[in-house]
Amino acid sequence: MNDLTDYKVIIVGGGSAGITVAARLLKESRALYGKIAIIDPAEKHYFQPLWTLVGGGVVDKKVTEREQSTLIPDGIAWIKEAVEAFFPDEQSVVTASGNKLSYEFLVVAAGIQIDWHKVKGLKESIGKNGVCSNYSFDYVESTWENIRNFSGGNAIFTNPNTPVKCGGAPQKIMYLADDYFRKSGVRSNSTIHFFSGAESIFGVKKYADTLNRVIERKGIETHYLHNLVEINAPQKKAFFKNLSTDELVTISYDMIHVVPPMSSPDFIKKSPLAADTGWVDVDPYTLRHKKYGNVFGIGDCTNLPTSKTGAAIRKQAPVLVQNLLCLMNQKTGMQKYNGYTSCPLVTGYGSLVLAEFDYDSKPDESFPFDQAKERYSMYLLKKQVLPIVYWNGMLKGLL
Amino acid sequence: MQKTTIDHLSDLQPLLSLLSQKEIQNSLIQTLEKLPELVDQYSALERNIAFIKSVLNDKESTEYLLGGLEDEIGKYIPTKDSLEALMALVHNLPKYTKYLSMVEPIMEFLLSTSRDQESVDYLYKGAQEIAGPIQQKVEYGWDLIQRAKKEADKDHSPVNIFTVFKLIKEPAVQRSIHFVKALLTLASEPKLK
C-alpha cells in the first residue's frame, strides 16, 4: 500500500484509458516517475473487444483476462481503492475508505457503468433461461451456450437507447448467431429479431449500407426505436417500449442476447466534474475539462461526441498526454482530437467490416482499400492482431 | 709575480663565508645525499638518448616502426570520402532522428510481444487454426495420390478399348471432360469476335 497522499498526476481508473495514459506520460517524461497514481480497485483487466468472439464460440474467455498488477507500468503507484468523490476546487479526491489524495493534475478515465438493474427482471435472469449477454466476463460464455444449443424459434438481440461501449457489439453477435444457426441446420426454423433503441443500424452511411445488405441477405427482422424495458424469464417474454408511440410490445423468445443500458459512473454523475448528461464535461478537441483547467477526461466516461471504443482511446491518449504536459511545463503545442473511433463489425465467421470515422461521421480509414466491404483479412486483424496490439502496444504507451 | 697562500685565502673568502652559513651547509649535505640517485638517473637518461639516437641512425628500424604505425593508425585516419560522409551524416541527422523516432515504438512493441508468452501462445494458436485445415487438405491430397499410385502398380490387367469406354462413363471423368470443353469454348470466344 502506497503511503503517499500527494501526486503530480492522479488517474482515476485503471482500464484501457488509465493505463495507456500512465504509460505514455512516463514515456514522455521520466521526471514523473513515482509521481503518478492510478486509483482502481479491480484486480483483473480485460480485453473486452474479444468478448464478441467468445460469445460466438471462437475464442476462450481466459485469453481476454490478465492480472492488473502485471499491467501497471513501473513507476506508477497503484491505489487499489474506488474513488468516492471529487473535490476539484481543493484539487483532491476521496476514496471509499475515506483517504484523501491530492493532485496537481487529474485524469478521469473511469469507464462506463453497466446498469443491469434498469431492465426489470434482467439482473436475476442473466446467464439462465435463454438470457445471455456478452457484456460481462461472468456471463459471456452463456451466449455461446445459447447459440450452440439453439434448436429453433425466436432469437432476439437487443440494443438499448443509451450510449454503450462498442456500439457495434449488439449486432455483431447476431450475425455470428445467424452463421452458426445455418451451420447447425436450425436457421430455416428460426427467426432472428434485432430490437434497437437507435434509429438505424449504424450512424455512418457508408457502413450502414453494407450492414443493411447483410441484414437483408441474412433475413433478419429489424425493429428500430424499440427499447427493452423488462424480461420475464420464467415465461420467456421480453417487453419493449416503442419510443415513437410509447406502446409496449411483448415478444416471446427462445433465446435473448441483451445489451444492457449504460451510463456514466454514479460517483461522476454526482460530482462537480459532470455535465448535465452526467458524463465528464470536457472540450471535444483538447480533452481538457471545460471548468477545471487541471482536469482532463478520456474514454467512455466523457461527453466526447463519438462512439465509445478502445480505438477511440488509442487516439485520445496521445492528445491528452501532450496537452497535459504542455500545461504542466507551460509550453505551447496543444494537440486536437478529431473524434476518431473505430468499430470492427463482425458480419459472420471469417468476415468483418472495419468502420473508422470521425466527429463528422466521415470515414477516416487506415487501409488503402474499401473498408465497407466484408473481408476475411479484417476478421483476422480483429481476432489475431488487435489483442496483441492492445496488450503489448497500447497499454505500454507505444502504439 | 706568484700569488702567496695568503692571497689564495683572500680569493676564497667569499666562498668560505658562504660555506660557513648553516643553510648552505645543510643544502650541500642534502645535495650530496641525493647525488648517487641523480647519477643513476642521469646514466639512464644517457642510455635512452643513446638508444633513440641509435634507432634513428638505423634506417631499417625506423622504416619498420613507422610502417607498423601506418598500418595501425592508417585505418583510422579519415580520408576525404569519410569526412564527406561524416558531414552528410551530420547534415541529415534531424531526418534520421525523425525516422528512428517512428521506428522505435514499433521495435519496442515487437520486443514486448516476443517477451510476452501469453501473446506468443495466442498468435501460435491462431496460426495453427488457419494453417491446420490447409495442411489437412494437402496431406489428404498427397495420401490419395500415393494410394492411387500403389493401386496402379498392383493392377497389371491389359488396357483395351473397353477399359477406356468404361472409364469415360465415370462421373468424375465426365465432369472433367465437360470442364475442358467449356474452358476451350470460353478461351476461343475473343478470337471469334
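Chain A is assigned two domains: domain 1 covers 6–112 + 264–339, and domain 2 covers 116–262. The C-alpha centres of domain 1 of chain A and domain 2 of chain A are 31 Å apart. The model is predicted, and the predictor gives the complex an ipTM of 0.84 and a pTM of 0.80. Chain A and chain B touch through 11 residues of chain A and 10 residues of chain B.

**Domains of chain A**

- The contact between the two domains of chain A draws 15 residues from domain 1 and 17 residues from domain 2.
- On the domain 1 side of this contact, helix 2 (residues 51–55) of chain A gives the most, with four residues.
- By class, the side of domain 1 of chain A that touches domain 2 of chain A has five nonpolar, six polar and four charged residues.

**Domains and confidence of chain B**

- Chain B is also assigned a domain 1 (11–77) and a domain 2 (158–186).
- Between the C-alpha centres of domain 1 of chain B and domain 2 of chain B the distance is 110 Å.
- Chain B has a mean pLDDT of 86, with 96% of its residues at 70 or more.
- Within chain B, helix 3 (residues 59–74) has the lowest confidence, at a mean of 73, while helix 4 has the highest, at 92.
- Where pLDDT is low, the predicted coordinates should not be read in detail.

**The side of chain B that touches chain A**

- In the contact between the chains, 10 residues of chain B meet 11 residues of chain A.
- Helix 4 (80–115) and helix 5 (117–154) of chain B each supply at least two residues of the side of chain B that touches chain A.
- Helix 4 of chain B gives the most to that side, with five residues.
- The side of chain B that touches chain A consists of four nonpolar, four polar and two charged residues.

**Helix 9 of chain A against helix 4 of chain B**

- Helix 9 (residues 376–394) of chain A crosses helix 4 of chain B at roughly 110 degrees, and their axes come within 9 Å.

**Helix 9 of chain A against helix 5 of chain B**

- The axes of helix 9 of chain A and helix 5 of chain B lie 10 Å apart, and the two helices pack at an angle of about 175 degrees.
- Helix 9 of chain A and helix 5 of chain B are therefore roughly antiparallel to each other.
- From helix 9 of chain A the contact takes Lys383(A), Gln384(A), Pro387(A), Ile388(A), Trp391(A) and Asn392(A).
- From helix 5 of chain B the contact takes Ser119(B), Tyr122(B), Leu123(B) and Gly126(B).
- The contact of helix 9 of chain A with helix 5 of chain B has five nonpolar, four polar and one charged residues.

**Three-stranded sheet of chain A**

- Three strands of chain A form an open, antiparallel sheet in the order 14-15-16.
- Strand 14 (226–232) and strand 16 (248–252) of chain A are at the edges, each with a single partner strand, so one side of each has no neighbour in the sheet.
- From one strand to the next, the twist averages 30 degrees.
- Six bridges pair strand 14 of chain A with strand 15 (residues 237–242) of chain A in the antiparallel sense.
- In strand 15 of chain A, Ala238(A) is opposite Ile231(A), and Lys241(A) is opposite Asn227(A).
- The hairpin of strand 14 and strand 15 of chain A has four residues between the strands, and Lys236(A) in this hairpin takes a positive phi near 50 degrees.

**Five-stranded sheet of chain A**

- Five strands of chain A form an open sheet with parallel pairing, in the order 10-17-11-12-13.
- Strand 10 (131–132) and strand 13 (221–224) of chain A are the edge strands, and each pairs on one side only.
- Strand 11 (residues 153–159) of chain A runs parallel to strand 12 (residues 190–196) of chain A, and seven bridges join them.
- Thr158(A) has Phe195(A), in strand 12 of chain A, as its bridge partner.

Definitions and conventions
Residues numbered from 1 in each chain as written. Chains lettered and ligands numbered in written order. Predicted model: local features only at pLDDT ≥ 70, side-chain atom pairs only at ≥ 80, totals over all residues. Contact = placed C-beta atoms within 7 Å. Nonpolar A, V, L, I, M, F, W, Y, C, P; charged D, E, K, R; others polar. Domains from an automatic or database assignment. Axes fitted to C-alpha atoms, helices over the stretch in contact; angles between N-to-C directions. pLDDT = per-residue confidence, 0-100. Pairing = 2+ DSSP bridges. Parallel < 35°, antiparallel > 145°, perpendicular 65-115°, else oblique.
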